[in-house]
Amino acid sequence: MAARSILILPGDGIGPEVVGVARQVMQRAAVDSGLELKVSEGILGGVAIDSAGTSLPEDTLEAARASDAVLLGAVGGPHWDDLPMDQRPEKGLLGLRAGLGLFANLRPALSFAPLAQASSLKSELVAGLDILIVRELTGGIYFGEPRGVELINNERVGRNTYVYAEHEIERIARVAFELAGKRTGRLCSVDKANVLEVTQLWREVVTRTAQDYPDVELSHMYVDNAGMQLVRAPKQFDVLVTGNMFGDILSDVAAMLTGSLGMLPSASLGATGQGLFEPVHGSAPDIAGQDKANPLATILSVAMMFRYSLECGAAADRIEAAVDQVLARGLRTSDILTRGAATGMREVGTSEIGDAVLRALETGDER
Ligand code: NAD
């Protein structure tokens with residue numbers, strides 16, 4: 001198989017620390033899978049503002065377009081907070097997502113058994129939880145026109161437009177059906193079809209698309225109920241698909257089921273299977289450079305890269321098993337150390353937990 005090209009964008013704050021560790025895991029997993037990777041590195045965010053005068057240099061966007069997958073750390077920090085909105089590091093990330101045409105955002109909520117106590121829910125509700133939220137990323141109310149605030153009859157009136165065209169709904173539905181087909185074959189589409197015409201269309205198009213996926217069992221749920229069910233009985237779900245705004249909210253709710261920001265990976269995919277893989281957390285300037293950051297979210301993002309862009313699900317399974325094994329041995333970065341119940345747990349830093357994942361990967365023990 002031809003070499004696959006990976007662009008690494010460490011970014012700012014803890015980005016370089018967590019990406020450094022995840023890169024080693026990526027390279028180890030590739031060797032074990034017989035995959036040849038061509039890895040290059042670029043700049044994005046604050047570091048790019050400082051050295052190239054813009055948060056998304058043209059070279060970075062070109063290199064990203066030419067790669068099979070991009071692994072990103074995080075961008076931003078207090079050093080750039082006083083810049084105008086359109087010149088800040090986060091602008092570079094938004095530009096990168098748009099420039100790559102990434103319309104499908106995948107946010108898994110995966111609860112590792114050893115961390116079940118870290119959830120805000122009872123551990124029996126979340127132990128073994130494995131759900132995937134598929135959020136439409138480039139349309140809906142966040143991008144709809146007209147938008148803005150204007151003066152009407154001497155008072156300000158704000159307006160946003162919730163708009164989806166059929167093709168936008170169908171392409172995200174297809175991503176979700178494909179994913180559900182590879183998992184347990186259950187897909188729940190979330191809308192507000194009792195109130196919003198745009199989501200009546202959403203429901204209609206998703207239902208029509210289902211005809212091409214007879215092996216997937218489709219259900220529909222209103223977003224208010226979905227929010228309730230996620231905290232009442234989250235294990236009833238497998239894959240959820242929804243629009244941009246509902247997905248934004250529900251994926252954060254689902255995230256908290258699993259305990260810590262430091263454990264949450266994400267993927268954003270475009271039409272060609274190319275993807276951007278990044279932890280959900282930010283650049284955590286408060287702990288940057290102190291060997292305190294939890295690299296597991298970035299390592300789990302690498303697992304998603306193998307599964308979704310490199311078509312190597314076995315490598316993804318091995319990485320997730322290695323993470324599970326390290327947690328089961330009691331190793332914890334400070335963000336996932338549950339005090340009180342801490343028997344057998346040991347607080348470690350970024351590099352030590354990363355080395356432990358690498359060793360677990362090398363010995364290849366299964367979950
Ligand atoms: P943050 O996610 O960086 O940090 C929130 C809290 O969680 C902090 O206390 C931090 O120490 C902790 N934390 C985050 N990741 C952690 C990890 N891997 N291990 C241990 N603890 C971790 O959010 P914030 O403080 O709101 O934002 C900081 C900067 O990051 C801002 O400039 C913000 O704009 C940027 N940001 C970037 C992204 C991104 O690059 N995708 C996302 C969110 C925020």
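This is a predicted model: local features need pLDDT of at least 70, side-chain atom pairs count only at pLDDT 80 or more; totals for chains, interfaces and linings use all residues.
The axis of α1, residues 15-33, and the axis of α11 come within 10 Å and cross at roughly 130 degrees. The two helices are therefore oblique to each other. Their crossing is right-handed. On the α1 side, the contact is made by Val25, Ala29, Asp32 and Ser33, and on the α11 side by Ala315, Arg318 and Ile319. By class, these residues divide into 4 nonpolar, 1 polar and 2 charged.

For those new to the subject, two packed helices are described by the angle between their axes and the distance between the axes.

Let us apply that description to a second pair. Helix α11, residues 313-328, also meets helix α12, residues 350-363; their axes come within 8 Å and cross at roughly 125 degrees. That angle makes α11 oblique to α12. The crossing of α11 and α12 is right-handed. Which residues make this contact? From α11 they are Arg318, Ile319, Ala322, Val323, Gln325 and Val326, and from α12 they are Ile353, Ala356, Val357, Ala360 and Leu361. Here the division is 9 nonpolar, 1 polar and 1 charged. Please note Arg318 and Ile319 of α11, which take part in the contact with α1 and in the contact with α12.

I turn now to the largest pocket, which holds about 770 Å³ of space. It is lined by 27 residues, and the closest to its centre are Leu93, Leu94, Arg97, Arg135 and Glu278. Several elements give two or more residues to this lining: the helices α4 (89-99) and α9 (244-257), together with the strands β3 (69-74), β4 (104-110), β11 (265-269) and β12 (275-279). Which element provides the largest share? That is α4, with 5 residues. Sorted by class, the lining has 12 nonpolar, 8 polar and 7 charged residues.

Finally, I would draw attention to two details of the backbone. Most residues other than glycine have a negative phi, and most peptide bonds are trans. Where Glu145 joins Pro146, however, the peptide bond is cis, with omega near 0 degrees. Pro146 is found in the loop between β5 (130-136) and β6 (148-152). The second detail concerns Asn154, which is not a glycine, yet has a positive phi of about 65 degrees. Asn154 lies in the loop between β6 and β7, the latter being residues 155-159.

Definitions and conventions: Residues are numbered from 1 along each chain as its sequence is written. Side-chain values use heavy atoms; hydrogens and water are left out. Axes are lines fitted to C-alpha atoms, for helices over the stretch in contact, and angles run from 0 to 180 degrees between N-to-C directions. Helices (H or I, at least four residues) and strands (E, at least two) are DSSP runs, numbered from the N terminus. Angles under 35 degrees count as roughly parallel, over 145 as roughly antiparallel, 65 to 115 as roughly perpendicular and the rest as oblique. A crossing is left-handed if the near helix is turned anticlockwise from the far one by less than a right angle, and right-handed if clockwise. Contact means heavy atoms within 4.5 Å. Ala, Val, Leu, Ile, Met, Phe, Trp, Tyr, Cys and Pro count as nonpolar, Asp, Glu, Lys and Arg as charged, and the others, Gly among them, as polar. On a 1 Å grid over the protein atoms alone, a cavity is a set of points where a 1.4 Å probe fits but cannot get out, and a pocket is an open set with protein on both sides within 12 Å along at least five of seven lines; lining residues have an atom within 4 Å of a point. Grid points are joined across faces, edges and corners, and a volume is the space filled by probe spheres set on the points.
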